[in-house]
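Here's a quick tour of the model on screen. Have the sequence and the 3D view open side by side as you read.

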Amino acid sequence: MTVLRALLDRAGHLRDEPGIVDALRSSHDARVIVVREGRVRVENDKLVTVATSEVGDADWALLGRDRDGGFLLLAAVGATPDSIDAAPAETWLGLRDTGGSLDGESTELLVGAIALAGWLRGARFCQSCGSATELRQAGWSRHCSRCATDIFPRTDPAVIVAVESADGERLLLGANANWRGRMYSCFAGFVEAGESLEHTVHREIEEEAGVWLDDVHYVGSQAWPYPRSLMVGFRATASEKRRARPDGEEIIDVRWFTRDEIASAMKGQGPVGLPGPSSIARGLIENWYEDRA
């Protein structure tokens with residue numbers, strides 16, 4: 001689960017300062033987080049930052065200031081940048097790969113850098129007229145000079161829900177078809193046009209697991225840059241009026257788990273695999289278990 005208060009100073013007041021990124025690139029004090037295809041360099045459970053001179057062709061942005069006040073830049077590079085090819089392949093990790101091993105500030109930086117890098121390299125052309133755009137606001141917006149459209153990084157909200165039994169003693173989890181039954185997790189889905197978060201929770205759970213919900217409450221959220229999601233986490237209580245069943249397409253199995261079974265699974269001892277510790281899905285499961293344990 002994410003912390004309630006941001007640890008990174010995003011230095012938003014500097015984004016409209018003309019030439020701020022170019023000035024920092026010429027500075028010896030600024031450090032750079034390089035993102036390559038959704039991955040950053042991690043060594044000894046710490047993000048690797050480099051000098052601006054070590055990075056070649058890239059899309060640049062100002063990430064903010066670190067805890068010591070130093071400036072942090074983002075360099076989004078292509079698949080095989082010549083200037084950093086010497087880095088071992090195993091040091092390039094994504095959010096799933098870190099497994100929750102990074103501290104709070106590093107995780108926040110990792111998520112922010114991956115999310116912004118994906119937008120920088122994927123939104124180079126105007127969504128209205130197709131013309132090339134120019135970066136503004138220190139890499140946090142794009143402007144189309146042809147039709148005057150301003151474009152900003154997009155976030156797609158999705159809900160993720162831990163469903164418990166009416167007596168609170170069991171947790172309902174589902175196996176996604178992509179996992180081939182090897183892992184069970186909370187139910188999730190994107191918010192559709194015109195829906196509230198709560199409407200999405202009820203719809204997704206009925207579609208994927210066949211149950212109705214009597215109670216829904218918010219727990220927390222997590223930015224999830226695959227490619228630009230915001231996962232909004234809930235806990236809910238299943239109504240006893242309908243029996244759980246998988247939709248047979250996205251979800252191939254649903255199963256009620258006792259507290260003892262969840263405890264064993266969290267230890268890696270079965271009966272099934274659970275999501276990794278870096279995900280809000282795992283956080284919701286642990287939140288339920290610790291609340292009832």
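## Ground rules

Two strands count as paired if DSSP finds at least two bridges between them. The strands themselves (E, at least two residues) and the helices (H or I, at least four) are DSSP runs, numbered from the N terminus.

This is a predicted model, where local features need pLDDT of at least 70, side-chain atom pairs count only at pLDDT 80 or more, and totals for chains, interfaces and linings use all residues. Residues are numbered from 1 along each chain as its sequence is written, and side-chain values use heavy atoms, with hydrogens and water left out.

## The overall picture

The protein chain has six helices and 16 strands. Its C-alpha atoms fill a box of roughly 65 × 45 × 35 Å along the principal axes.

## Strand E1 and its partners

E1 covers residues 31-36, and five of its six residues are buried. Its partners include E6 (residues 71-77), which runs parallel to E1 and is joined to it by six bridges. E4 (residues 50-51) pairs with E1 in the antiparallel sense over two bridges. Arg-31 shows up in both pairings: its bridge partner in E4 is Ala-51, and in E6 it stands opposite Leu-72.

Then there's E2 (residues 39-43), which pairs with E1 in the antiparallel sense over two bridges. Here Arg-36 stands opposite Arg-39. The hairpin of E1 and E2 has two residues between the strands, and Glu-37 takes a positive phi near 50° there.

## Gly-122 in helix H3

Gly-122 sits in helix H3, which spans residues 104-122. Is Gly-122 buried or exposed? It counts as exposed because its relative accessibility is 65%. Gly-122 and Val-77 are 45 residues apart in sequence and 12 Å apart in space, C-alpha to C-alpha.

## A negative patch

Which residues gather in a patch of negative charge on the surface? They are Asp-167, Asp-214, Asp-215 and Glu-240.

Glu-240 lies in the loop between strand E15 (229-238) and strand E16 (251-258). With 72% relative accessibility, Glu-240 counts as exposed.

How values were computed: Buried < 20%, exposed > 50% of the residue type's maximum accessible area, 1.4 Å probe, protein only. Patch = residues over 30% accessible without salt bridge, like charges linked within 9 Å, V, L, I, M, F, W, Y side chains within 5 Å. Areas by Shrake-Rupley, 256 points an atom, 1.4 Å probe, with all protein chains shown as cover. Salt bridge = Lys/Arg side-chain N within 4 Å of Asp/Glu carboxyl O. Lys, Arg positive; Asp, Glu negative; His and termini not counted. Charge placed at Lys NZ, Arg CZ, Asp CG, Glu CD.
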